[in-house]
Amino acid sequence: MIVQTLEGRRAFIRDNTRLQATPHAPELSLYLADEITPIWKLTEEALEEIGLPPPFWAFAWAGGQALARYILDHPEIVAGKRVIDFATGSGIVAIAAMKAGARSVLAADIDVFCEAAVGLNAEANGVSVGFTDKNLLETPPPETDVLLAGDICYEKPMAEAVMDWLRRGRAKGAAVLIGDPGRTYFRKDDLVRLAEYQVETTRELEDFAVKRTSVWTLP
């Protein structure tokens with residue numbers, strides 16, 4: 001299967017998505033799915049047949065867009081610093097951090113398709129982003145200056161594990177920023193809201209054309 005290689009995955013993404021500006025961070029262009037791209041029409045069964053996991057990397061989710069917007073507007077958060085973008089997906093947050101002047105950014109996601117997506121999207125925006133498909137939740141948070149995470153609270157066990165990991169990262173001295181559009185399992189009782197945005201999305205993804213989305217930090 002052609003998608004079993006990095007180059008095959010890159011070709012698949014180029015053929016099945018469209019390079020376009022993101023609604024809430026139009027400075028950034030990503031290879032995304034929309035109603036006129038082939039991947040938009042693929043069913044879950046069709047995805048399985050070609051060996052493609054659910055293509056979360058093919059969409060600019062509201063939490064990632066909000067976090068990217070905040071970083072671009074407040075570059076001092078990442079400028080000159082080492083950054084890790086957890087569950088990077090398309091790489092929008094990682095790319096925003098590099099555009100804002102980060103010293104280095106490691107994009108992490110267990111979906112190997114994200115390596116191809118992040119690489120293509122980084123190239124399209126003129127930056128270089130590192131990538132790992134290791135499950136970072138299996139080890140203590142690495143030494144870094146900033147931990148970023150957008151839209152990581154879809155399921156309760158995952159949300160709890162990620163938030164615990166981020167809190168441990170904060171305890172080690174890393175700044176932590178999270179973008180979230182009000183997911184059910186997002187626990188924010190010990191967080192501080194930094195900003196709130198109205199982020200354009202699609203009804204097919206979120207049941208709303210616009211999602212109220214916030215950026216949070218661990219004090």
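Author: Let's start with Glu49, which sits in helix H2 (residues 44–49); helices here are DSSP runs of H or I with at least four residues, strands are E runs of at least two, and both are numbered from the N terminus. This is a predicted model, where local features need pLDDT of at least 70, side-chain atom pairs count only at pLDDT 80 or more, and totals for chains, interfaces and linings use all residues. Residues are numbered from 1 along each chain as its sequence is written, and side-chain values use heavy atoms, leaving out hydrogens and water.

Reader: Why is Glu49 called exposed?

Author: Its relative accessible area is 64%, and exposed means over 50%, buried under 20% and partly exposed in between (1.4 Å probe, protein chains only). So Glu49 counts as exposed.

Reader: What makes the pair of Phe12 and Phe113 edge-to-face?

Author: Rings of Phe, Tyr and Trp (its six-membered ring) pair if their centres lie within 6.5 Å; planes under 30 degrees apart are stacked, over 60 edge-to-face, the rest tilted. The Phe12 and Phe113 centres are 6.1 Å apart and their planes stand at 75 degrees, so edge-to-face it is. The pair links Phe12 in helix H1 (residues 6–16) with Phe113 in helix H5 (residues 113–124), 101 residues apart. Phe12 and Phe113 are both buried.

Reader: And why is the pair of Phe86 and Trp165 called tilted?

Author: Phe86 and Trp165 are 5.2 Å centre to centre, with 35 degrees between the planes. Phe86 lies in strand E3 (residues 82–86) and Trp165 in helix H6 (residues 156–171), so parts 79 residues apart in sequence are tied together.
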